[in-house]
Amino acid sequence: MGNVKFDRRGLLRAGIGLSLAGALEPARLLAAPRFAHYPFTLGVAAGDPAPDGFVLWTRLLPEPGTPDGGMPAADVAVRWEIAEDPKFRTIARHGSAIADASLAHSVHVEVTGLRPHRPYWYRFIVPGADPSPVGTARTAPAPGTTPDRVRIASAGCQNYEAGYFTAFAHLARESDLDAIFHYGDYIYEQPSKGRATPRRHPATEPYTLADYRQRYELYKADPDLQAAHAAAAFIMSFDDHEIDDNWAGAFDKDGSPPEVFARRKAAALQAWYEHVPVRRAQRPGKGAMYRRLDYGTLLRMHVLDTRSHRSDQLCEAPGMTRAELDACIPIDQPGRTMLGTAQEAWFDHGLASDTRWNFIAQQVLMMPYDARKDGTTTPIIGKDNWGGYSLARQRLVDSIRARKLTNVVVGSGDIHQHIVGSVTTDLADPTSPAIASEFLATSISSNGTGGPRYPGELETLDHNPNVQLLNNQRGYQLYTVTPGHWHAEVKVIDQVDRPDGNVATLARFVVDPKRPGPQAA
(Lines give C-alpha, C1' and ligand atoms only; values in the text may rest on other atoms or scores of the structure.)
Protein backbone atom coordinates (compact mmCIF):
# COMPACT_ATOMS: atom_id res chain seq x y z
CA MET A 1 0.00 0.00 0.00
CA GLY A 2 3.07 2.24 -0.20
CA ASN A 3 3.24 5.29 2.05
CA VAL A 4 -0.47 6.12 1.93
CA LYS A 5 -1.98 5.90 5.37
CA PHE A 6 -5.38 4.20 5.45
CA ASP A 7 -7.99 5.88 7.68
CA ARG A 8 -10.63 3.22 8.36
CA ARG A 9 -12.66 5.56 10.58
CA GLY A 10 -13.34 7.77 7.59
CA LEU A 11 -14.67 5.03 5.33
CA LEU A 12 -18.41 5.45 5.84
CA ARG A 13 -18.19 9.20 6.38
CA ALA A 14 -16.44 9.63 3.03
CA GLY A 15 -19.04 7.53 1.27
CA ILE A 16 -22.13 9.53 2.26
CA GLY A 17 -23.78 11.26 -0.64
CA LEU A 18 -21.09 10.56 -3.21
CA SER A 19 -21.82 9.69 -6.81
CA LEU A 20 -19.73 8.77 -9.82
CA ALA A 21 -19.96 11.40 -12.56
CA GLY A 22 -23.23 12.68 -11.18
CA ALA A 23 -25.08 9.37 -11.46
CA LEU A 24 -26.56 7.82 -8.33
CA GLU A 25 -24.93 4.59 -7.24
CA PRO A 26 -25.44 2.12 -4.42
CA ALA A 27 -23.54 3.02 -1.24
CA ARG A 28 -19.99 1.71 -1.27
CA LEU A 29 -17.20 1.46 1.27
CA LEU A 30 -14.56 4.13 0.59
CA ALA A 31 -10.99 4.60 1.73
CA ALA A 32 -9.90 7.96 3.11
CA PRO A 33 -6.12 7.81 2.70
CA ARG A 34 -3.70 10.42 4.04
CA PHE A 35 -1.23 10.94 1.22
CA ALA A 36 2.48 11.02 2.02
CA HIS A 37 3.21 11.99 -1.60
CA TYR A 38 1.45 14.19 -4.13
CA PRO A 39 -1.28 12.06 -5.75
CA PHE A 40 -1.85 13.97 -9.02
CA THR A 41 1.42 12.95 -10.66
CA LEU A 42 -0.24 12.26 -14.03
CA GLY A 43 -1.94 15.63 -14.26
CA VAL A 44 -5.51 16.34 -15.33
CA ALA A 45 -7.47 16.29 -18.56
CA ALA A 46 -10.81 17.15 -20.10
CA GLY A 47 -12.50 15.66 -23.15
CA ASP A 48 -15.46 15.41 -25.52
CA PRO A 49 -16.94 18.91 -25.18
CA ALA A 50 -20.72 19.28 -25.26
CA PRO A 51 -22.73 22.52 -25.15
CA ASP A 52 -23.35 22.04 -21.42
CA GLY A 53 -20.14 20.37 -20.26
CA PHE A 54 -17.33 17.91 -20.87
CA VAL A 55 -15.54 14.96 -19.29
CA LEU A 56 -13.02 15.54 -16.51
CA TRP A 57 -10.23 13.05 -15.86
CA THR A 58 -7.47 12.39 -13.38
CA ARG A 59 -5.80 9.40 -11.72
CA LEU A 60 -4.50 9.16 -8.17
CA LEU A 61 -0.92 7.86 -8.30
CA PRO A 62 1.25 9.09 -5.43
CA GLU A 63 4.00 6.52 -6.03
CA PRO A 64 4.56 5.87 -9.75
CA GLY A 65 6.53 2.77 -10.57
CA THR A 66 5.36 0.76 -7.56
CA PRO A 67 2.98 -2.22 -7.94
CA ASP A 68 0.03 -0.48 -6.25
CA GLY A 69 0.99 3.11 -7.08
CA GLY A 70 0.93 3.89 -3.38
CA MET A 71 -2.87 3.48 -3.28
CA PRO A 72 -5.10 1.29 -1.09
CA ALA A 73 -7.09 -1.53 -2.66
CA ALA A 74 -10.31 0.43 -2.19
CA ASP A 75 -12.15 3.27 -3.87
CA VAL A 76 -11.31 6.85 -2.83
CA ALA A 77 -13.50 9.96 -2.75
CA VAL A 78 -12.33 12.88 -4.90
CA ARG A 79 -13.82 16.37 -5.04
CA TRP A 80 -13.91 18.37 -8.26
CA GLU A 81 -14.52 22.06 -8.95
CA ILE A 82 -15.24 24.00 -12.15
CA ALA A 83 -14.85 27.77 -12.16
CA GLU A 84 -15.58 30.64 -14.52
CA ASP A 85 -12.13 32.13 -13.89
CA PRO A 86 -8.63 30.68 -13.45
CA LYS A 87 -8.40 31.81 -9.80
CA PHE A 88 -11.64 29.97 -8.89
CA ARG A 89 -13.39 33.06 -7.54
CA THR A 90 -16.68 32.03 -9.18
CA ILE A 91 -17.44 28.32 -8.88
CA ALA A 92 -19.82 27.17 -11.63
CA ARG A 93 -20.15 23.50 -10.63
CA HIS A 94 -18.68 21.21 -8.02
CA GLY A 95 -19.21 17.71 -6.77
CA SER A 96 -17.69 14.44 -5.66
CA ALA A 97 -16.59 11.44 -7.68
CA ILE A 98 -14.98 8.07 -7.13
CA ALA A 99 -11.39 7.15 -7.88
CA ASP A 100 -12.25 3.56 -8.74
CA ALA A 101 -9.72 1.03 -7.48
CA SER A 102 -10.71 -1.43 -10.21
CA LEU A 103 -9.81 1.25 -12.78
CA ALA A 104 -6.40 2.12 -11.29
CA HIS A 105 -8.01 4.87 -9.18
CA SER A 106 -8.86 6.86 -12.29
CA VAL A 107 -11.69 9.38 -12.24
CA HIS A 108 -14.12 10.14 -15.08
CA VAL A 109 -16.64 12.91 -14.35
CA GLU A 110 -19.27 13.76 -16.97
CA VAL A 111 -20.08 17.37 -16.16
CA THR A 112 -23.33 19.03 -17.23
CA GLY A 113 -25.06 22.32 -16.43
CA LEU A 114 -22.47 24.68 -17.93
CA ARG A 115 -23.03 27.50 -20.41
CA PRO A 116 -22.23 26.91 -24.10
CA HIS A 117 -19.10 27.96 -25.97
CA ARG A 118 -17.07 29.51 -23.20
CA PRO A 119 -13.94 28.54 -21.28
CA TYR A 120 -13.97 27.00 -17.81
CA TRP A 121 -11.23 26.03 -15.37
CA TYR A 122 -11.23 22.85 -13.30
CA ARG A 123 -9.27 21.03 -10.59
CA PHE A 124 -9.49 18.03 -8.26
CA ILE A 125 -9.09 17.98 -4.49
CA VAL A 126 -8.43 15.17 -1.99
CA PRO A 127 -7.97 15.68 1.75
CA GLY A 128 -4.42 15.91 2.98
CA ALA A 129 -2.83 16.84 -0.36
CA ASP A 130 -2.34 19.94 -2.46
CA PRO A 131 -4.98 20.40 -5.19
CA SER A 132 -4.39 19.03 -8.65
CA PRO A 133 -2.99 21.21 -11.43
CA VAL A 134 -5.61 23.48 -12.99
CA GLY A 135 -6.91 22.60 -16.43
CA THR A 136 -9.08 24.53 -18.83
CA ALA A 137 -11.67 23.41 -21.36
CA ARG A 138 -14.21 25.10 -23.58
CA THR A 139 -17.80 23.95 -23.97
CA ALA A 140 -19.25 23.48 -27.46
CA PRO A 141 -21.63 26.01 -29.04
CA ALA A 142 -25.33 25.69 -28.37
CA PRO A 143 -27.40 23.58 -30.80
CA GLY A 144 -28.83 25.63 -33.63
CA THR A 145 -26.24 28.40 -33.35
CA THR A 146 -23.47 29.15 -35.83
CA PRO A 147 -20.31 30.41 -34.13
CA ASP A 148 -17.95 32.73 -35.97
CA ARG A 149 -15.19 30.17 -35.70
CA VAL A 150 -14.00 26.96 -34.05
CA ARG A 151 -10.32 26.05 -33.62
CA ILE A 152 -9.32 22.37 -33.49
CA ALA A 153 -5.82 20.90 -33.51
CA SER A 154 -4.88 17.42 -34.75
CA ALA A 155 -2.02 15.41 -33.24
CA GLY A 156 -0.89 11.87 -32.41
CA CYS A 157 1.83 9.22 -32.78
CA GLN A 158 3.88 10.02 -29.69
CA ASN A 159 6.62 7.42 -29.35
CA TYR A 160 8.32 8.15 -26.02
CA GLU A 161 11.53 6.41 -26.99
CA ALA A 162 11.82 8.24 -30.33
CA GLY A 163 11.97 11.76 -28.93
CA TYR A 164 10.63 14.53 -26.74
CA PHE A 165 7.02 15.71 -26.79
CA THR A 166 8.02 19.31 -27.50
CA ALA A 167 5.20 19.69 -30.02
CA PHE A 168 2.71 19.31 -27.17
CA ALA A 169 4.40 22.15 -25.28
CA HIS A 170 3.88 24.44 -28.29
CA LEU A 171 0.36 23.13 -28.83
CA ALA A 172 -0.47 24.03 -25.22
CA ARG A 173 0.38 27.64 -26.03
CA GLU A 174 -1.90 27.93 -29.07
CA SER A 175 -4.65 30.47 -28.42
CA ASP A 176 -8.42 29.89 -28.28
CA LEU A 177 -8.39 26.15 -28.86
CA ASP A 178 -11.82 24.54 -28.75
CA ALA A 179 -10.39 21.01 -28.75
CA ILE A 180 -7.47 18.80 -29.72
CA PHE A 181 -8.28 15.73 -31.82
CA HIS A 182 -5.90 12.92 -30.92
CA TYR A 183 -5.95 10.46 -33.80
CA GLY A 184 -4.21 7.67 -31.89
CA ASP A 185 -0.94 5.97 -30.99
CA TYR A 186 -1.01 7.63 -27.58
CA ILE A 187 1.48 5.04 -26.37
CA TYR A 188 3.77 2.62 -28.20
CA GLU A 189 3.77 -0.98 -27.08
CA GLN A 190 7.21 -1.77 -28.44
CA PRO A 191 10.04 -2.78 -26.08
CA SER A 192 13.22 -0.76 -25.76
CA LYS A 193 15.34 -0.89 -28.89
CA GLY A 194 18.42 -1.56 -26.77
CA ARG A 195 20.46 1.18 -28.44
CA ALA A 196 20.99 4.89 -28.07
CA THR A 197 17.63 6.67 -28.16
CA PRO A 198 16.53 10.02 -26.70
CA ARG A 199 14.51 8.20 -24.02
CA ARG A 200 13.90 4.58 -23.06
CA HIS A 201 10.94 2.23 -23.09
CA PRO A 202 10.83 -0.71 -20.66
CA ALA A 203 12.78 -3.73 -21.85
CA THR A 204 9.72 -5.88 -22.55
CA GLU A 205 6.52 -5.45 -24.54
CA PRO A 206 3.27 -5.07 -22.54
CA TYR A 207 0.73 -7.90 -22.52
CA THR A 208 -1.06 -7.65 -19.17
CA LEU A 209 -3.15 -4.89 -17.64
CA ALA A 210 -0.32 -4.11 -15.21
CA ASP A 211 2.11 -3.85 -18.14
CA TYR A 212 -0.08 -1.40 -20.05
CA ARG A 213 -0.75 0.68 -16.94
CA GLN A 214 3.00 1.00 -16.44
CA ARG A 215 3.42 2.18 -20.05
CA TYR A 216 0.73 4.84 -19.62
CA GLU A 217 2.35 6.01 -16.37
CA LEU A 218 5.60 6.55 -18.27
CA TYR A 219 3.95 8.56 -21.03
CA LYS A 220 1.54 10.59 -18.92
CA ALA A 221 4.29 11.73 -16.57
CA ASP A 222 5.70 13.75 -19.48
CA PRO A 223 5.28 17.47 -18.63
CA ASP A 224 4.65 18.57 -22.21
CA LEU A 225 1.83 16.06 -22.65
CA GLN A 226 0.37 17.15 -19.31
CA ALA A 227 0.53 20.79 -20.41
CA ALA A 228 -1.40 20.07 -23.60
CA HIS A 229 -4.09 18.17 -21.70
CA ALA A 230 -4.41 21.04 -19.22
CA ALA A 231 -4.71 23.59 -22.03
CA ALA A 232 -7.72 22.22 -23.94
CA ALA A 233 -10.19 19.37 -24.12
CA PHE A 234 -8.98 16.32 -26.04
CA ILE A 235 -11.19 14.29 -28.38
CA MET A 236 -9.59 10.88 -28.09
CA SER A 237 -9.44 7.97 -30.47
CA PHE A 238 -7.01 5.05 -30.66
CA ASP A 239 -5.08 3.41 -33.45
CA ASP A 240 -2.84 0.34 -33.36
CA HIS A 241 0.04 0.95 -30.94
CA GLU A 242 -2.26 1.29 -27.96
CA ILE A 243 -2.52 -2.49 -28.32
CA ASP A 244 -0.24 -4.02 -30.98
CA ASP A 245 1.22 -2.74 -34.23
CA ASN A 246 -1.15 -3.18 -37.19
CA TRP A 247 -3.84 -5.09 -35.29
CA ALA A 248 -7.18 -5.44 -37.05
CA GLY A 249 -10.40 -6.50 -35.37
CA ALA A 250 -9.82 -9.91 -33.81
CA PHE A 251 -6.31 -10.31 -35.28
CA ASP A 252 -2.83 -9.23 -34.22
CA LYS A 253 0.19 -9.03 -36.51
CA ASP A 254 1.84 -12.17 -35.15
CA GLY A 255 -0.81 -14.73 -36.00
CA SER A 256 -1.85 -15.35 -32.39
CA PRO A 257 -5.08 -17.30 -31.83
CA PRO A 258 -7.96 -14.79 -31.64
CA GLU A 259 -8.85 -15.88 -28.11
CA VAL A 260 -5.29 -15.14 -26.96
CA PHE A 261 -5.23 -11.74 -28.65
CA ALA A 262 -8.66 -10.95 -27.19
CA ARG A 263 -7.23 -11.11 -23.67
CA ARG A 264 -4.37 -8.79 -24.57
CA LYS A 265 -6.71 -6.39 -26.34
CA ALA A 266 -9.10 -6.29 -23.37
CA ALA A 267 -6.24 -5.41 -21.02
CA ALA A 268 -4.87 -2.73 -23.37
CA LEU A 269 -8.24 -1.08 -23.95
CA GLN A 270 -9.03 -1.01 -20.25
CA ALA A 271 -5.71 0.76 -19.65
CA TRP A 272 -6.56 3.20 -22.46
CA TYR A 273 -9.90 4.01 -20.83
CA GLU A 274 -8.25 4.42 -17.42
CA HIS A 275 -5.90 7.10 -18.77
CA VAL A 276 -7.89 9.23 -21.21
CA PRO A 277 -10.82 11.69 -20.83
CA VAL A 278 -13.67 9.81 -22.50
CA ARG A 279 -17.23 9.10 -21.43
CA ARG A 280 -18.59 5.88 -19.98
CA ALA A 281 -20.14 5.23 -23.40
CA GLN A 282 -16.58 4.66 -24.69
CA ARG A 283 -15.61 2.22 -21.94
CA PRO A 284 -14.45 -0.99 -23.65
CA GLY A 285 -17.09 -3.69 -23.49
CA LYS A 286 -19.77 -1.13 -22.59
CA GLY A 287 -20.11 0.84 -25.82
CA ALA A 288 -18.29 1.97 -28.95
CA MET A 289 -15.37 4.31 -29.49
CA TYR A 290 -16.93 5.92 -32.55
CA ARG A 291 -19.14 8.91 -31.75
CA ARG A 292 -20.32 12.27 -33.05
CA LEU A 293 -19.73 15.77 -31.70
CA ASP A 294 -21.51 18.87 -33.00
CA TYR A 295 -20.25 22.44 -32.81
CA GLY A 296 -23.57 24.14 -33.37
CA THR A 297 -24.45 24.23 -37.05
CA LEU A 298 -20.86 25.04 -38.02
CA LEU A 299 -19.15 21.67 -37.67
CA ARG A 300 -20.16 18.04 -37.25
CA MET A 301 -17.28 15.83 -36.14
CA HIS A 302 -17.57 12.11 -36.95
CA VAL A 303 -14.98 10.31 -34.78
CA LEU A 304 -14.42 6.94 -36.45
CA ASP A 305 -12.91 3.68 -35.19
CA THR A 306 -10.90 2.12 -38.02
CA ARG A 307 -9.40 -0.70 -35.91
CA SER A 308 -11.98 -2.54 -33.82
CA HIS A 309 -14.33 -3.66 -36.58
CA ARG A 310 -12.08 -4.03 -39.62
CA SER A 311 -11.27 -7.21 -41.50
CA ASP A 312 -7.74 -8.53 -41.29
CA GLN A 313 -5.19 -6.90 -43.57
CA LEU A 314 -4.47 -8.38 -46.94
CA CYS A 315 -0.86 -9.15 -47.85
CA GLU A 316 0.36 -9.03 -44.25
CA ALA A 317 1.51 -12.29 -42.71
CA PRO A 318 4.07 -13.18 -40.03
CA GLY A 319 7.56 -13.46 -41.45
CA MET A 320 6.98 -11.40 -44.61
CA THR A 321 9.87 -9.20 -45.67
CA ARG A 322 9.36 -5.53 -46.49
CA ALA A 323 10.02 -6.26 -50.17
CA GLU A 324 7.38 -9.00 -50.19
CA LEU A 325 4.85 -6.73 -48.50
CA ASP A 326 5.48 -3.86 -50.93
CA ALA A 327 5.20 -6.19 -53.95
CA CYS A 328 1.90 -7.68 -52.80
CA ILE A 329 -1.19 -6.13 -54.41
CA PRO A 330 -4.28 -6.28 -52.16
CA ILE A 331 -7.26 -7.76 -54.04
CA ASP A 332 -10.29 -6.65 -52.07
CA GLN A 333 -13.50 -8.64 -51.61
CA PRO A 334 -17.06 -7.27 -51.07
CA GLY A 335 -17.35 -8.76 -47.59
CA ARG A 336 -14.28 -6.97 -46.23
CA THR A 337 -14.77 -3.88 -44.11
CA MET A 338 -12.86 -1.10 -42.42
CA LEU A 339 -15.65 0.19 -40.16
CA GLY A 340 -18.05 -2.72 -39.81
CA THR A 341 -21.68 -2.73 -40.92
CA ALA A 342 -23.08 -0.89 -37.90
CA GLN A 343 -20.50 1.92 -38.01
CA GLU A 344 -20.91 2.35 -41.77
CA ALA A 345 -24.67 2.82 -41.34
CA TRP A 346 -24.11 5.17 -38.38
CA PHE A 347 -21.70 7.28 -40.43
CA ASP A 348 -24.01 7.46 -43.44
CA HIS A 349 -26.92 8.53 -41.22
CA GLY A 350 -24.77 11.21 -39.58
CA LEU A 351 -24.08 12.88 -42.92
CA ALA A 352 -27.78 13.83 -43.16
CA SER A 353 -27.54 17.25 -41.54
CA ASP A 354 -27.36 20.89 -42.59
CA THR A 355 -24.05 21.52 -40.86
CA ARG A 356 -21.65 23.82 -42.70
CA TRP A 357 -18.77 21.31 -42.40
CA ASN A 358 -18.42 17.56 -41.95
CA PHE A 359 -15.13 16.57 -40.31
CA ILE A 360 -14.24 12.86 -40.53
CA ALA A 361 -11.82 12.51 -37.63
CA GLN A 362 -10.10 9.14 -37.97
CA GLN A 363 -6.80 7.35 -37.87
CA VAL A 364 -5.30 6.30 -41.21
CA LEU A 365 -4.69 7.68 -44.70
CA MET A 366 -7.82 7.75 -46.84
CA MET A 367 -6.82 9.46 -50.10
CA PRO A 368 -5.35 7.45 -53.00
CA TYR A 369 -1.58 7.42 -52.45
CA ASP A 370 1.33 5.76 -54.28
CA ALA A 371 4.21 5.20 -51.86
CA ARG A 372 6.77 3.99 -54.41
CA LYS A 373 10.35 5.11 -53.87
CA ASP A 374 12.34 7.21 -56.31
CA GLY A 375 13.63 5.30 -59.30
CA THR A 376 11.01 2.53 -59.11
CA THR A 377 8.09 2.02 -61.46
CA THR A 378 5.70 -0.23 -59.54
CA PRO A 379 3.10 1.59 -57.44
CA ILE A 380 3.00 0.70 -53.74
CA ILE A 381 -0.41 0.79 -52.10
CA GLY A 382 -0.83 0.87 -48.33
CA LYS A 383 -2.28 -2.31 -46.81
CA ASP A 384 -2.88 -1.04 -43.27
CA ASN A 385 -4.74 2.13 -44.34
CA TRP A 386 -7.82 2.70 -46.52
CA GLY A 387 -5.79 1.70 -49.59
CA GLY A 388 -5.99 -1.91 -48.42
CA TYR A 389 -9.76 -1.66 -48.02
CA SER A 390 -10.68 -0.18 -51.38
CA LEU A 391 -14.32 -1.35 -51.46
CA ALA A 392 -15.01 -0.04 -47.95
CA ARG A 393 -13.44 3.27 -48.98
CA GLN A 394 -15.63 3.33 -52.06
CA ARG A 395 -18.75 2.85 -49.91
CA LEU A 396 -17.71 5.82 -47.78
CA VAL A 397 -17.15 7.98 -50.86
CA ASP A 398 -20.50 6.81 -52.25
CA SER A 399 -22.20 8.04 -49.05
CA ILE A 400 -20.67 11.48 -49.54
CA ARG A 401 -21.60 11.52 -53.22
CA ALA A 402 -25.17 10.34 -52.64
CA ARG A 403 -25.80 13.27 -50.30
CA LYS A 404 -24.14 15.68 -52.75
CA LEU A 405 -21.81 17.01 -50.08
CA THR A 406 -18.94 19.34 -50.91
CA ASN A 407 -18.06 20.24 -47.32
CA VAL A 408 -16.22 17.10 -46.16
CA VAL A 409 -12.77 17.32 -44.57
CA VAL A 410 -10.88 14.21 -43.45
CA GLY A 411 -8.39 14.28 -40.56
CA SER A 412 -5.94 11.41 -40.24
CA GLY A 413 -2.49 10.35 -39.04
CA ASP A 414 -0.41 7.16 -38.56
CA ILE A 415 2.18 7.75 -41.31
CA HIS A 416 4.45 10.13 -39.30
CA GLN A 417 4.43 12.72 -42.07
CA HIS A 418 2.40 15.77 -42.96
CA ILE A 419 0.33 14.98 -46.07
CA VAL A 420 -2.22 17.40 -47.52
CA GLY A 421 -4.33 16.44 -50.51
CA SER A 422 -7.67 15.25 -51.83
CA VAL A 423 -9.82 12.15 -51.71
CA THR A 424 -10.74 11.89 -55.36
CA THR A 425 -14.13 11.18 -56.90
CA ASP A 426 -12.66 8.29 -58.88
CA LEU A 427 -10.44 6.50 -56.37
CA ALA A 428 -8.57 4.77 -59.17
CA ASP A 429 -7.73 8.08 -60.84
CA PRO A 430 -5.78 10.57 -58.70
CA THR A 431 -6.30 13.25 -61.36
CA SER A 432 -10.10 13.12 -60.99
CA PRO A 433 -11.92 15.91 -59.11
CA ALA A 434 -11.82 16.01 -55.32
CA ILE A 435 -14.78 14.81 -53.28
CA ALA A 436 -13.16 15.62 -49.91
CA SER A 437 -10.07 17.34 -48.53
CA GLU A 438 -7.65 15.39 -46.35
CA PHE A 439 -5.21 16.72 -43.76
CA LEU A 440 -2.94 14.02 -42.38
CA ALA A 441 -1.05 15.31 -39.34
CA THR A 442 2.49 14.15 -38.69
CA SER A 443 3.72 12.56 -35.48
CA ILE A 444 4.59 14.23 -32.19
CA SER A 445 7.83 12.28 -31.95
CA SER A 446 7.65 8.98 -33.88
CA ASN A 447 10.49 8.55 -36.41
CA GLY A 448 12.60 11.20 -34.70
CA THR A 449 13.49 14.71 -35.81
CA GLY A 450 13.30 14.02 -39.56
CA GLY A 451 13.54 16.60 -42.32
CA PRO A 452 11.68 17.86 -45.38
CA ARG A 453 11.49 14.41 -47.03
CA TYR A 454 12.51 10.82 -46.41
CA PRO A 455 15.40 9.62 -48.57
CA GLY A 456 13.91 8.18 -51.73
CA GLU A 457 10.77 10.37 -51.62
CA LEU A 458 11.96 13.44 -53.52
CA GLU A 459 9.79 12.44 -56.49
CA THR A 460 6.75 11.22 -54.55
CA LEU A 461 4.52 14.14 -55.49
CA ASP A 462 5.13 13.34 -59.19
CA HIS A 463 3.24 10.07 -58.65
CA ASN A 464 0.46 11.65 -56.55
CA PRO A 465 -1.19 14.53 -58.41
CA ASN A 466 -3.90 14.71 -55.73
CA VAL A 467 -1.28 15.52 -53.04
CA GLN A 468 -0.13 19.09 -52.46
CA LEU A 469 2.24 18.71 -49.51
CA LEU A 470 4.51 15.99 -48.13
CA ASN A 471 6.83 16.68 -45.20
CA ASN A 472 8.80 14.46 -42.82
CA GLN A 473 9.13 16.67 -39.74
CA ARG A 474 7.36 16.30 -36.42
CA GLY A 475 4.57 18.62 -35.27
CA TYR A 476 0.80 19.00 -35.48
CA GLN A 477 -1.90 20.75 -37.49
CA LEU A 478 -4.28 23.54 -36.51
CA TYR A 479 -7.68 24.13 -38.14
CA THR A 480 -9.60 27.39 -37.85
CA VAL A 481 -13.10 26.68 -39.11
CA THR A 482 -15.47 29.48 -40.14
CA PRO A 483 -18.77 29.37 -42.05
CA GLY A 484 -16.98 30.44 -45.22
CA HIS A 485 -13.64 28.63 -45.05
CA TRP A 486 -11.56 25.89 -43.44
CA HIS A 487 -8.11 27.31 -42.66
CA ALA A 488 -5.32 24.80 -41.97
CA GLU A 489 -1.86 25.53 -40.56
CA VAL A 490 0.85 22.87 -40.83
CA LYS A 491 3.18 23.18 -37.82
CA VAL A 492 6.67 21.64 -37.67
CA ILE A 493 9.26 21.21 -34.89
CA ASP A 494 12.95 21.55 -35.75
CA GLN A 495 14.13 18.83 -33.32
CA VAL A 496 12.72 16.16 -31.01
CA ASP A 497 15.91 14.21 -30.28
CA ARG A 498 16.71 17.00 -27.78
CA PRO A 499 14.39 19.17 -25.68
CA ASP A 500 13.37 22.76 -26.47
CA GLY A 501 12.74 22.46 -30.19
CA ASN A 502 11.28 25.45 -32.00
CA VAL A 503 7.96 25.49 -33.84
CA ALA A 504 7.28 27.04 -37.24
CA THR A 505 4.39 27.22 -39.66
CA LEU A 506 5.43 25.24 -42.73
CA ALA A 507 2.36 25.91 -44.88
CA ARG A 508 -1.19 27.22 -44.84
CA PHE A 509 -4.17 25.89 -46.78
CA VAL A 510 -7.77 26.90 -47.21
CA VAL A 511 -10.86 24.91 -48.23
CA ASP A 512 -14.12 26.35 -49.57
CA PRO A 513 -17.19 24.41 -48.33
CA LYS A 514 -18.64 24.52 -51.85
CA ARG A 515 -15.45 23.32 -53.53
CA PRO A 516 -13.66 20.26 -52.11
CA GLY A 517 -9.90 20.16 -52.23
CA PRO A 518 -7.31 22.21 -50.28
CA GLN A 519 -5.78 25.30 -51.86
CA ALA A 520 -2.51 26.94 -50.81
CA ALA A 521 -3.20 30.06 -48.77
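This is a predicted model: local features need pLDDT of at least 70, side-chain atom pairs count only at pLDDT 80 or more; totals for chains, interfaces and linings use all residues.

Biologist: Which residue stands opposite Gly 451 in β21?

Modeller: Asn 472.

Biologist: What other strands pair with β21?

Modeller: β11 (residues 150-155) does, antiparallel, over 5 bridges. Val 150 has Val 481 as its bridge partner there. β18 (residues 418-424) is also antiparallel to β21, over 4 bridges. In that pairing, Val 420 faces Leu 469.

Biologist: And β22?

Modeller: β22 (residues 486-493) pairs with β21 over 8 bridges, again antiparallel.

Biologist: How many residues of β21 are buried?

Modeller: 14 of 15. The strand spans residues 467-481 and is mostly covered.

Biologist: New topic. How many disulfides turn up in the whole structure?

Modeller: The search finds 1. Cys 315 is joined to Cys 328, with an S to S distance of 1.9 Å.

Biologist: Left-handed or right-handed?

Modeller: Left-handed, at -70° about the S-S bond.

Biologist: What does the pair tie together?

Modeller: Parts that are 13 residues apart in sequence, because Cys 315 sits in the loop between β15 (299-303) and α6 (322-327), while Cys 328 sits in the loop between α6 and α7 (341-350).

Biologist: Is Cys 315 buried or exposed?

Modeller: Buried, because its relative accessibility is 15% and the cut-off is under 20%. Cys 328 has 24%, so that one counts as partly exposed.

Biologist: What about Cys 157?

Modeller: Cys 157 is buried, at 0% relative accessible area.

Biologist: On to the cores. How many residues are in the largest nonpolar one?

Modeller: 69. Among the residues with the most contacts inside it are Phe 168, Trp 272 and Trp 486. Helix α5 (residues 258-275) gives the largest share, 7 residues.

Biologist: Which residues does Phe 168 contact, leaving aside neighbours within four places in sequence?

Modeller: They include Ala 155, Leu 225, Ala 228, Phe 234 and Ile 444. Gln 158, His 182 and Asp 224 are in contact with Phe 168 as well.

Biologist: What about a second core?

Modeller: There is a separate one of 31 residues. Leu 304, Met 367, Ala 392 and Leu 427 are among its members.

How values were computed
Residues are numbered from 1 along each chain as its sequence is written. Side-chain values use heavy atoms; hydrogens and water are left out. A nonpolar core is a set of buried Ala, Val, Leu, Ile, Met, Phe, Trp, Tyr and Cys residues joined through side-chain atoms within 4.5 Å. Buried means under 20% relative accessible area, exposed over 50%, partly exposed in between (1.4 Å probe, protein chains only). Helices (H or I, at least four residues) and strands (E, at least two) are DSSP runs, numbered from the N terminus. Contact means heavy atoms within 4.5 Å. A disulfide is a pair of cysteine sulfur atoms within 2.5 Å. Two strands pair if DSSP finds at least two bridges between them.
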